[in-house]
Amino acid sequence: MKRITQYSGMAVALFASNFALSGELDLNAGVSTEYVIQSVEDIENDNDIDSDNLIVRPFLSATYQSKDLSALVRATHNHVRRSLDDADASNNYTDFNYLGRYDVIENLLNLQVNGTQNYRSQSANSFLVDDFLLNAENLRKNKTNAASLTLSMPTGRYVGISARAGISSIDSKSEAREISPDSRQIDISSTNLDATVFIESGRDLRPFLYDVSGTFRKSDRENNQDFESQTVNLTVGSNVSADVSLRLLGYYENNDISRDDSITGESTNALREFYSYGIGVAWQPSNNRFIELGWNRSTTKGRLGEDDDEDDYLSVDLRWNLSSRTSLSGSYARRFFGSSGSFRFNHNLRNWRSGITYTENVTTNSQLLFNQEQGLFVCANGSTDLSDCSLSDGISEEDLGPDDILVPGLINDFELNDRVVIRKALTAQTALDLRRTRLSASISKSNSEEVESFRDIDTITGRLQANFQISERTSINANLTYSDVERDTDDELTGSVIKEAGIRLERRFTRRFFASAGYRYLDRNGDTIGNAGGIQGIRGPLTDNRFSVEIRYEFDTRR
């Protein structure tokens, strides 16, 4: 047994050494200490709150890159000490994320895993307000984990196939429940399955053509009924000339929230089943220019004995490259909730990138944690500071390194719960990367219709960020953020407007030692949701002024 143990240990050590030599491992570690002088005015209660705050942040990240495998693990611990007029307090918060990509079969089969832990407010009215130093009891600790397997089979003589299958989980716990078990805030927990497949005809089948795509999603929600959705999109046709084809079109969609009727015991559907069929004509003068027009008849199934709704409508599908650096795509059709569309525009120059997107989705609010709108700047080592970011042509997730991220231009602006929503969102972004200046501007308008609670939330969010490199060692970062949230519930309209401005001067003294000083101002006007859902702290109009200084020491194996 002893000899087996020795041989096993030698085999493991040999494997580990070969694995380490086959790739590159980089480490980044350090600690920062920030001192914050804060002054908060609770306007509704005519109360001023002054505090001195110390935040110590040790951090560590590790990245590994080889031919087939890339991985990242990053963690930051926030130790917060607060000195208030009437009491002292200390709290601890740990953020982390991990990411791994493995090519099971090169250019064919890919495995990806990722996960995060972070903190944010549950309310759309307060996602810019609540943090470690203000209304911390309203924060939720959010943990996400996901794994997916992707198959990409290029189009060959007869067929082309791409498919993806994934599983994910979300757990969101209230910090208030950690302090007070009687808190009215409800924890969120769900497990989600999803699968997509796309099949298209190969080149040897021409002039005949076909493509079929399908999606399946299921969300097992702890505090709500299970949510399940399926879609199928089918096209069959034939070319009548080199560029023109005639097509038969078909579409099916079903979004299901099952409920058992308390009287009849029968299961009812909170959403509706939809299908359509039609005929279309398509023009495709080149591989990157395509437009299709279709005439369709749709049927939306009635609920609870209601008659089915039938409509005729015109559909449009567009994918068009205006140049090698400018492209647009879009679609217009119908779904069970009425007219529906999507749009995407991208313009990429060497130092200037812009994008406009419009999407409509049926999902859950918690699922939006996985689906942030990607930004335009690529930032190294997970940083969100523009001084660590740059623009690059043709960015896609496959081109990113394990520690690179596409920083979102806007932060999440949705209500943090597990309800099913019909979400419509328009986002516009632009970014400039000049020799000493980086600029980023974003604006978003969204509407979330909560199907299970008959509530609408409209949000407008805008953000302007700038980084000015004064010298090789000194830079200034500035930002402006605006948020307008309106909530319509049972003929009662509430809302709030949040304005935030900040500026920070940073100086690099050595390769590893940094210091900075900054100021941030925040103002909130309007109503919040009162004490519904257990919201605590300052719930009405307020102002928040913060002066801060920070020193940071870090070690990086790459410099």
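**Figure 1. Overview of the protein.** The protein has two helices and 28 strands. The model shown is predicted. Of its 559 residues, 40% are buried. The accessible surface comes to about 29300 Å². Carbon and sulfur atoms account for 54% of that surface.

**Figure 2. Phe509 and Phe513, a tilted ring pair.** Eight aromatic pairs occur in the structure. In this one, the ring centres of Phe509 and Phe513 lie 5.8 Å apart, and their planes meet at 40°, so the pair counts as tilted. Phe509 has a relative accessible area of 45%, so this residue is partly exposed. Phe513 is also partly exposed, because its value is 30% and the class runs between 20% and 50%.

**Figure 3. Tyr519 and Phe547, a pair across two strands.** These two rings form a tilted aromatic pair. Their centres are 4.7 Å apart, with 40° between the planes. The pair links distant parts of the chain, 28 residues apart. Tyr519 belongs to strand S27 (residues 513-526). Phe547 belongs to strand S28 (residues 542-556). How accessible is Tyr519? Its relative accessible area is 29%, so Tyr519 is partly exposed. Phe547, at 49%, is partly exposed too.

**Figure 4. A cluster of three aromatic residues.** Which residues do ring pairs link into a cluster? They are Tyr93, Tyr119 and Phe132.

Figure 5. Thr474 is in strand S25 (residues 474-489). Is this residue buried or exposed? Thr474 has a relative accessible area of 12%. Buried means under 20%, so Thr474 is buried. Leaving out residues up to four places away in sequence, Thr474 touches Phe468, Gln469, Leu505, Glu506 and Arg507. The C-alpha atoms of Thr474 and Arg508 are separated by 6.4 Å. Along the chain, Thr474 and Arg508 are 34 residues apart.

**Figure 6. Ser201 and its contacts.** Ser201 is in strand S8 (residues 188-201). Its relative accessibility is 14%, so Ser201 counts as buried. Which residues does Ser201 contact, neighbours within four places in sequence aside? They are Thr155, Tyr158, Val159, Phe208, Leu209 and Tyr210.

**Figure 7. A nonpolar patch on the surface.** The patch is formed by Leu234, Val236, Val240, Leu246, Leu248, Ile279, Val281, Leu293, Trp295 and Leu314. Together these residues have about 930 Å² of accessible area. Which strands each supply at least two residues of the patch? They are strand S10 (227-239), strand S11 (244-260), strand S13 (273-286) and strand S14 (289-300). Val281, one of the patch residues, lies in strand S13. Its relative accessible area is 38%, so Val281 is partly exposed.

Note on methods. Residues are numbered from 1 along each chain as its sequence is written. This is a predicted model: local features need pLDDT of at least 70, side-chain atom pairs count only at pLDDT 80 or more; totals for chains, interfaces and linings use all residues. Side-chain values use heavy atoms; hydrogens and water are left out. Rings of Phe, Tyr and Trp (its six-membered ring) pair if their centres lie within 6.5 Å; planes under 30 degrees apart count as stacked, over 60 as edge-to-face and the rest as tilted. Buried means under 20% relative accessible area, exposed over 50%, partly exposed in between (1.4 Å probe, protein chains only). Helices (H or I, at least four residues) and strands (E, at least two) are DSSP runs, numbered from the N terminus. Contact means heavy atoms within 4.5 Å. Patches are made of residues with over 30% relative accessible area and no salt bridge: like charges are joined within 9 Å, nonpolar side chains (Val, Leu, Ile, Met, Phe, Trp, Tyr) within 5 Å. Accessible areas come from the Shrake-Rupley method with a 1.4 Å probe; for residues, only the protein chains shown count as cover. A salt bridge is a side-chain nitrogen of Lys or Arg within 4 Å of a carboxyl oxygen of Asp or Glu.
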